[in-house]
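Dear colleague,

Please find below a structure that I am handing over to you, together with its sequence.

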Amino acid sequence: QVQLVESGGGLVQAGGSLRLSCAASGRTDSSYAMGWFRQASGKEREFIGSISWSYGNTYYGTSTKGRFTISRDNAKNTVYLQMNSLKPEDTAVYYCAHMNGATMEYDVWGQGTQVTVSS
């Protein structure tokens, strides 16, 4: 089983930046990629993007493309979400998720970290 621990959330002013981290442990050999999602209060969960462990291939959703960047450090089994030019509408709980290489589904989720952007 894989465990995910997120960190880096907090309060930031509009226009500012934050970097979230997601550290994976356990059976990480089963992992194909990691994804980032967010869920604002009263809204559905939204896909932000993903990155593959092997080649670092990234794929982004449309709402944050160009402002958010996903990277990874294989030696640390950690993925990052760099968020720039933050807007109040980026306020949400942010989650990382593990994509199982056998099923190609997100099967393990982090605990979530709150990001609040003030205007």
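Setting aside its neighbours within four places in sequence, Tyr95 is in contact with Glu6, Gly35, Trp36, Phe37, Gln39, Trp109, Gly110, Gln111 and Gly112, where contact means heavy atoms within 4.5 Å. The model is a predicted one, in which local features need pLDDT of at least 70 and side-chain atom pairs count only at pLDDT 80 or more, while totals for chains, interfaces and linings use all residues. Residues are numbered from 1 along each chain as its sequence is written, and side-chain values use heavy atoms, with hydrogens and water left out.

Tyr95 itself belongs to strand S9; strands (E, at least two residues) are DSSP runs, as are helices (H or I, at least four), and they are numbered from the N terminus.

The four-stranded sheet

Four strands make up an open sheet in the order S1-S3-S8-S7, and their pairing is antiparallel; two strands pair if DSSP finds at least two bridges between them. Strand S1 (2-7) and strand S7 (68-73) are at the edges with a single partner strand each, so one side of each has no neighbour in the sheet. From one strand to the next the twist averages 20°, taken between axes that are lines fitted to C-alpha atoms (for helices over the stretch in contact), with angles running from 0 to 180 degrees between N-to-C directions. Within this sheet, six bridges pair strand S3 (residues 18-26) with strand S8 (residues 78-83) in the antiparallel sense. Arg19 has Gln82 of S8 opposite it.

The disulfide

How many disulfides does the structure hold? There is one, a disulfide being a pair of cysteine sulfur atoms within 2.5 Å. Cys22 and Cys96 are the residues joined, with 2.0 Å from S to S, and the link is right-handed, with 60° about the S-S bond. Distant parts of the chain are linked in this way, since Cys22 is in strand S3 and Cys96 in strand S9 (residues 92-100), 74 residues apart. Both Cys22 and Cys96 are buried (buried means under 20% relative accessible area, exposed over 50%, and partly exposed in between, with a 1.4 Å probe and protein chains only).

Strand S4 (residues 31-39) includes Ser31, which is buried at a relative accessible area of 14%. The side chains of Ser31 and Trp53 make a polar contact of 2.6 Å; such a contact is a pair of N or O atoms within 3.5 Å, where within protein one must be able to donate a hydrogen and the other to accept it, and residues adjacent in sequence count only if both atoms are side-chain atoms. Beyond four places in sequence, the contacts of Ser31 are Trp53, His98, Met99 and Gly101.

S4 and S5 run antiparallel and are joined by six bridges, with Met34 opposite Ile51 in S5. These two strands form a hairpin with six residues between them, and Gly42 in the turn has a positive phi of about 80°. S5 in turn runs antiparallel to S6, with three bridges, and Thr58 in S6 is the bridge partner of Ile51. The hairpin of S5 and S6 has five residues between the strands, and there Gly56 takes a positive phi near 70°. Of the seven residues of S5, five are buried, so the strand is largely enclosed by the rest of the structure.

Aromatic pairs

The count of aromatic pairs is five, with rings of Phe, Tyr and Trp (its six-membered ring) pairing if their centres lie within 6.5 Å; planes under 30 degrees apart count as stacked, over 60 as edge-to-face and the rest as tilted. One of them is the pair of Phe37 and Trp109, tilted because the planes stand at 55°, with ring centres 4.8 Å apart. Phe37 is in strand S4 and Trp109 in strand S10 (residues 106-109), so this pair ties together parts 72 residues apart in sequence. Phe37 is buried at 8% relative accessible area, whereas Trp109, at 30%, is partly exposed.

Phe47 and Tyr59 form another tilted pair, 6.0 Å from centre to centre with 35° between the planes. It links Phe47 in strand S5 (residues 46-52) with Tyr59 in strand S6 (residues 58-60), twelve residues apart. Phe47 is partly exposed at 25% relative accessibility, and Tyr59 is exposed at 57%. Phe37, Phe47, Tyr59, Tyr106 and Trp109 make up one aromatic cluster.

With kind regards
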